[in-house]
Amino acid sequence: MENNIKIQIRNLWFYYKTISMLEGINVDFPENTITSITGPSGQGKSSFLMTMNRLWQCIDGASVKGEVKINFGNGFEDINHQKYPLPMLRRKVGMVFQTPNPLPMSIFKNIAFPFKLIGEKNQNKTFEKVEYALKKAFLWQEVKNRLTEDAGVLSGGQQQRLCIARALVLEPQVLLLDEPTSSLDEISAEMIEQLLLKLKKKCTIILVSHYMDQVKRIADTKFILSNRQLTLQEE
Amino acid sequence: MFSWCCALLLATGFMFIVGFLVVKGYRGINLELIFADTRLLDAFFLKRQVFGGLFPAIIGTLSLILLSIGFALPLGLASGIFLAEYASPRLKSFFSLMVDILAGIPSIVVGLFGFSITIFLHHFFSSQIFPCLLISALSLAFLILPYIIKTTQVAIESLPLQVRLTAPSLGATKLENIIFVLLPSALSDIVSGIVLAIGRCAEDTAVIMLTGVVATAGVPRSVFSNFEALPFYIYYIASEYSNSSELMKGYGAALILLLISAGLFALAHWIKLKIEQKTRFGY
Amino acid sequence: MLFKENIARIVFLSASILSAVATLLILGFMILLSLPVLETGMIWGILTDPWSPDHGRFGILAMIVGTVYISSFSLLISFPISLGCSFFIQIIHPDSPGRFLKLLVQLMTAIPTVIYGFVGVFLLVPIVRKVFSYGSGMSILSASLMLAILISPTMILFFSQSFARVPKRFLDATEALGATSFQKLFYVILPNAWTGVFTGLVLAFGRAMGDTLIALMISGNSVVLPSSILDSARTLTAHIAMIIAADFDSIEFKTIFICGGVLYIMTSCGILLARFSVKKRVR
Ligand SMILES: Nc1ncnc2c1ncn2[C@@H]1O[C@H](COP(=O)(O)OP(=O)(O)OP(=O)(O)O)[C@@H](O)[C@H]1O
Ligand SMILES: [Mg+2]
């Protein structure tokens with residue numbers, strides 16, 4: 001079965017100041033699949049993910065040329081267009097960073113933060129969603145009695161799952177995952193993998209990973225990023 | 001060897017200064033020094049003016065701090081945020097040059113500025129305006145403004161990139177990012193900067209000398225009245241004391257001021273330590 | 001949403017503009033208020049004449065010279081000490097003695113200037129008087145000594161910062177060659193950190209120049225050109241503080257704005273110089 005294309009990238013260039021990190025990338029990411037990106041360290045995988053939610057705009061000196069079009073249900077829209085509303089985009093494109101980045105607030109507020117941003121007033125609904133997201137990320141059991149504690153006190157792996165839960169809470173259509181299991185043990189990592197397999201029924205997942213077995217287990221399409229180019233990896 | 005000598009020299013210099021004050025001043029510190037012969041409660045509820053004690057000077061210094069921090073804080077925070085997050089490189093270098101110059105201006109010149117503003121207002125608006133608490137506080141605010149701007153700017157700028165990117169990745173706008181993430185993350189740094197700025201307010205003499213402090217005024221009745229302040233009192237005693245009991249009071253006042261400054265310093269330091277601990281576990 | 005963002009941006013921008021305007025406004029006021037004197041063409045006289053209002057001469061040359069004398073002399077005293085101390089903190093004992101000294105130095109920055117002045121009047125001045133048995137003891141020497149203590153923390157903190165940036169491998173390499181500490185300081189650290197040292201010197205000079213209280217309290221405030229370091233002298237800052245009480249309309253009074261302007265310009269030049277050398281280092 002051929003899936004619809006969700007993200008269409010044409011002739012994409014990425015620069016830090018004047019140094020190019022990506023040179024003329026052309027690629028399509030189909031809906032409801034997991035696409036993996038591997039490759040040597042420092043080649044621009046994290047930077048590439050940031051072109052799909054325009055997060056590079058928050059970095060001094062970063063610039064992008066080319067087209068990134070995403071179909072959120074109303075046909076392809078160029079997200080690099082000046083007028084494209086950024087908050088909207090980033091609610092529909094969730095991102096998990098390479099290293100856990102809890103916000104300086106309590107565990108509960110961390111997860112509820114996206115709701116706060118969209119102006120959700122209904123406390124009960126927020127609480128339900130938070131619980132749901134935490135359960136999905138297999139964190140609920142560990143934190144259900146300490147929701148008001150500062151998120152900074154969680155362990156590295158717990159923080160990572162917290163960030164996954166936070167990315168899930170708004171039910172994004174696209175998920176950008178930057179080594180989401182890098183500080184998890186094998187069992188937790190596998191649970192996250194199961195979660196991703198379930199999630200792909202509803203979303204398009206781009207996964208950056210260093211673990212070859214993991215990629216083999218769950219990715220539908222595999223890419224390698226090196227020498228500023230994205231190449232399809234043959235079986 | 002040479003640097004041991006330097007270190008010792010500096011330390012002895014410090015010891016001499018502090019030791020001298022402590023030895024001479026500790027006997028002078030008692031309730032009478034502060035309240036003279038007024039009853040405590042009367043003094044606190046302003047039922048009776050305290051004459052001859054340090055109480056009005058302490059209150060004067062306190063109101064000076066509150067007012068000038070009140071002026072400088074919003075302005076300083078806002079400009080610090082602008083410099084850190086909004087300004088283009090060009091604007092940034094211009095504004096930070098201005099801030100540096102402002103920080104370098106001798107406090108007496110700032111005082112002179114405050115004084116000239118008073119003359120100006122006196123001439124053109126109302127002849128009721130004289131040097132007063134409000135003018136002093138405003139001038140002091142200019143004095144501490146650059147510190148607050150700088151600490152805010154540096155505190156925000158030194159946050160790691162990840163912390164800055166988190167909220168935007170969840171759909172926060174720039175302002176939301178600043179309010180919910182950047183300011184709270186940088187808060188402890190900013191607060192310890194503010195504490196140091198309070199220290200500057202408490203110690204500065206040159207500015208208030210030109211803008212309304214007097215030797216005896218009692219507790220200030222309003223922001224438009226004259227006032228007393230601890231550092232000025234110390235200066236005044238040093239230059240005009242007439243007998244040894246007055247001098248004793250001077251020693252006492254100096255010791256109190258020293259304690260206040262040291263206390264503020266310790267507070268700032270403690271806050272710094274606190275953040276360092278927190279960041280070790282946090283990000 | 002967008003509306004709120006824009007409002008916030010405008011608020012932050014205007015705060016920065018206000019701060020910059022304040023900086024320029026101070027200069028503006030100094031110039032504006034000294035204009036009446038400048039217009040009479042007396043500027044040359046003011047810059048070179050002696051100060052004797054009774055004879056209609058209002059020259060501030062003695063004050064400029066006094067300022068330069070006292071600040072340079074204090075710099076001369078504190079520079080080697082600061083160098084030694086920062087060497088101690090950064091290179092010889094980066095462990096606990098160094099940390100302790102650093103803490104002490106930081107604490108010293110928090111001591112109010114008026115305290116230095118007070119201790120100067122009652123401790124240093126009598127000592128100087130006894131030791132040299134010359135004059136009242138209120139002299140350039142006393143003021144410079146006290147100022148040296150005041151400014152060395154600024155210098156020490158700045159120096160040790162720039163020492164810390166000297167690459168460790170340079171130090172290790174010289175260590176391996178069996179260099180003494182002195183050789184390390186002169187052949188490795190200073191050549192590598194001189195811009196930082198220079199900047200620290202400039203900033204400390206600005207601070208010494210801008211200080212009012214110490215000079216006012218212990219330099220004796222005579223208006224004659226000083227001929228030795230045991231003579232008393234008056235600085236620009238102290239001059240402003242003393243003349244402020246004069247009649248508003250007198251020329252005497254108006255000249256203090258020239259003093260203010262001169263101070264402003266001298267310190268700003270210092271800041272520009274410091275920034276320039278920092279920029280150079282970055283390149
Ligand atoms: N803010 C920045 N400014 C300038 N250069 C940057 C910035 N962030 C990253 N780089 C550079 O861009 C290159 C790619 O970085 P990126 O983080 O995308 O690599 P990566 O493929 O994710 O590596 P890793 O597997 O180690 O995470 C690196 O060489 C890095 O030095
Ligand atoms: Mg990466």
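**Close-ups of a predicted two-chain model**

**View 1. Where chain B meets chain A.** The contact draws 21 residues from chain B and 19 residues from chain A, with two residues counted as touching if their C-beta atoms, placed from the backbone, lie within 7 Å. On the side of chain B that touches chain A, the elements giving two or more residues are α8, α9 and α12 (244-281) of chain B; helices here are DSSP runs of H or I with at least four residues, strands are E runs with at least two, and both are numbered from the N terminus. The top contributor on that side is α8(B), with 9 residues.

This is a predicted model, so local features need pLDDT of at least 70 and side-chain atom pairs count only at pLDDT 80 or more, while totals for chains, interfaces and linings use all residues. Residues are numbered from 1 along each chain as its sequence is written, and chains are lettered from A and ligands numbered from 1 in the order in which they are written.

**View 2. Helices α8 and α9 of chain B.** Helix α8(B) (residues 161-169) packs on α9(B) (residues 174-203) at about 150 degrees, with the axes 9 Å apart; axes are lines fitted to C-alpha atoms over the stretch in contact, and angles run from 0 to 180 degrees between N-to-C directions. Among the contact residues are Val163(B) and Ala167(B) of α8(B), plus Phe180(B) and Leu182(B) of α9(B).

**View 3. Chain A on its own.** Chain A has 8 helices and 10 strands. Its C-alpha atoms fill a box of roughly 50 × 40 × 40 Å along the principal axes.
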